[in-house]
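The following account leads the reader through a predicted model.

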Amino acid sequence: MKSCMGKVLKVDLTAGTTAVEKIPDEVYEAVLSGKGLGAWYLYKNIPAGADPLGPDNILGFCSGALTGTGTFMAGRWTVVCKSPLTGGWGDANCGGVFSPAIKQCGYDAIFISGISDKPVYLYCNNSKVEIRDASKYWGLDATEAENRLREDNSGGKIPRIAVIGQAGENVSLISGICNEGGRIAARSGVGAVMGSKRLKAVVLAGSRPIPCADPDAVKALSKELGRKVNNIKIPKGLGGAIWAAGIGMGKMPAMPLDGSMTSILFREWGTPSNTPLAITSGDGPLKNWGAGPGEVHGIKLAMAYNPEKINKTEEAKYHCYSCPLGCGGRLDITGVPYSEFYETHKPEYETLQAFGPLCVNGDLGSVLYLNEILNRAGMDSISAGNTVAWAIECYENGILTKEQTDGLELKWGNYEAEIELIRKMIAREGFGNDLADGVKRASDKYGGKEYAMHVGGQEPGMHDTRNDPQLGIHMVAEPAPGKHTIGMAIQYGAMSLCDICSWAPPATIHSKKDDLEATEEMALISKANACYSMLMDGMGSCYYAEMMGVHMYKAIEYINAAAGWNYDGDHYMEVGARIQTLRQLFNVKHGYEPSKVKLPKRMQGMPPLRTGPLKGVTLKNEEQVATD
Amino acid sequence: MTAKKIPSFHYKNCVSCSICVQACPVGALDLTRPGKSGRYRNLFPELVNERCIGCALCAKSCPMECINMQAVYEGE
């Protein structure tokens, strides 16, 4: 493939050796790079039944097939491994600038096996691959370690660094891997795998050119997209009214949307624009997935998370590599009274929802602070938020006592207790030690399983399945269950996949109730969503490029130009299907049975919510994902 | 006098994508220049040290065609 480097770096930390393996062209034709290459390599090379925290597990850092070719929004890096959280396929995906750095060292991916007997980091540039002592960085948080590693390796090309914090070092099963000051590849417990290998960081300082079949054609596509994004304008001050739009959305039928809609919101406010919308529309889970907006003073909560307030503290916008949109930012948090930090990344919607409305916490400052603590420790805010919400509900219902929680008053809205509990989870201290491996294991020990929201062992993303039954299908059928980024009704409505794929049904205006049924059309929509999502992951492209739809983000034209191919959308959807099938096969090989993965009863609306936009909704999820 | 070429940036169309920063083989660029109009508080690329070797990889990489190589003379 003309946009790839054609080889991968293999590192054995037990033996302290490195080697290079050439990848045949047929592999790229079949599964592209990124998550596809990762799935192909791990399926082949991790023995069935391997311990996820043992030497046989392989941790892969994969760049995208289009990363570095001039393609916009194709700078995502994907971490792959066998997940210690679920026991099946694991992956996590992140922005920043690490993805092109992998290719600039001459590789499409770096695969790391074995376990080092002391803390180490991997260093690569154009001519060197070295496993170096990391003793002096072990124990530092991810941001501090990254800063010191950058300083210690300065003098030429700016090194790009993937690094774990204390959560990964302590092998917390809900830990991730960070870059660029706390941007985190969070899901599947990938940080625990890195910690178990005693690998503190991967430092990349290569400057090799990244090939591209037709750079002028790629640039022309990017220029067109860049101009469209630059022309997006929205009147000032509308952020304060988003909650009201959410009330309307909660009552509206499902419908096709313009692909630029999310770009408008994200360019102005980033993903925090979704928080007030989610609270009032039914998209965002409230009070550990157990209440409607009226039961938690939803409008007051939504106003507390007004994205205009967040923008007021924004020092500068933050763009990932090759992104013209720039949904990130750096926030000044010197005004947060209990924060010892002066800035943080703009929190994602997921973090705001998980530690705000999910825990009935209306204190924005506390969530900004928690965001920084979690980013530095390298802990997944989705998993941690669901776990804290479970603990609060257990405490409120007498399942957990004050003695068990080390004296913490875990009550709804008590953000000081939330902060202290997170500190304990990161340090694996006392009660926190039992929560550091996620909500499934915590509820196995203490009970309260009816309050433990996890899908196949992984805590779900902050979008309510009762609001979007399609999402419920993906959360269960996805090889890394519980993820919210594979498919949703709103996403399908914006993508216009029927314009590139002959078998993808068109998005229509229809009652949300229709999405509850197990129909052939729903099966095809779910398949199309998953195939396109895998295709984008193979390219290294962003979820928000996916949301732009095929007319704004011309994925098919991009691949053909960068790779020198001339295939149609049907061909590439088949590539996506192949990647998804490989990930499922990985689970089958390791005895992780897809048919045993179920949504928690509460997420299925059993019993249904009593108030709000999701009142009375019960899913037919098991019927929709039946495997026989 | 010896001539050297260094990048000159036209920020009007720049989208802060950092493709030029990562293309630089010697770490001479970074996104550190604050925007003037301020609406989106973007940071833009600029030369941050003396390492530029005039290779023009930044200019070639820019999809928005915002970078020209401009001759400067020693002592300027």
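In chain A, 34 residues of domain 1 are in contact with 22 residues of domain 2. Several elements of chain A give two or more residues to the side of domain 1 that touches domain 2: the helices α3 (98-104), α4 (142-152) and α5 (166-169), together with the strands β10 (177-179) and β11 (183-185). Of these, α5(A) supplies the largest share of that side, with 3 residues. By residue class, the side of domain 1 of chain A that touches domain 2 of chain A consists of 15 nonpolar, 16 polar and 3 charged residues.

Domain 1 of chain A covers residues 7-204, and domain 2 of chain A covers residues 271-451. Between the C-alpha centres of domain 1 and domain 2 of chain A, the distance is 27 Å.

Attention may then pass to one residue, I299(A), which belongs to helix α11 of chain A, a helix made up of residues 298-304. Is I299(A) buried, exposed or partly exposed? I299(A) counts as partly exposed because 16 C-beta neighbours lie inside 10 Å, whereas a buried residue would require 20 or more and an exposed one 12 or fewer.

Which residues does I299(A) contact, once its neighbours within four places in sequence are left aside? The contacts of I299(A) are then with W243(A) and T280(A). I299(A) and W243(A) are 56 residues apart along the chain, and their C-alpha atoms are separated by 7.1 Å.

Definitions and conventions
Residues are numbered from 1 along each chain as its sequence is written. Chains are lettered from A and ligands numbered from 1 in the order in which they are written. This is a predicted model: local features need pLDDT of at least 70, side-chain atom pairs count only at pLDDT 80 or more; totals for chains, interfaces and linings use all residues. Domain bounds come from an automatic or database domain assignment. Two residues are in contact if their C-beta atoms, placed from the backbone, lie within 7 Å. Helices (H or I, at least four residues) and strands (E, at least two) are DSSP runs, numbered from the N terminus. Ala, Val, Leu, Ile, Met, Phe, Trp, Tyr, Cys and Pro count as nonpolar, Asp, Glu, Lys and Arg as charged, and the others, Gly among them, as polar.
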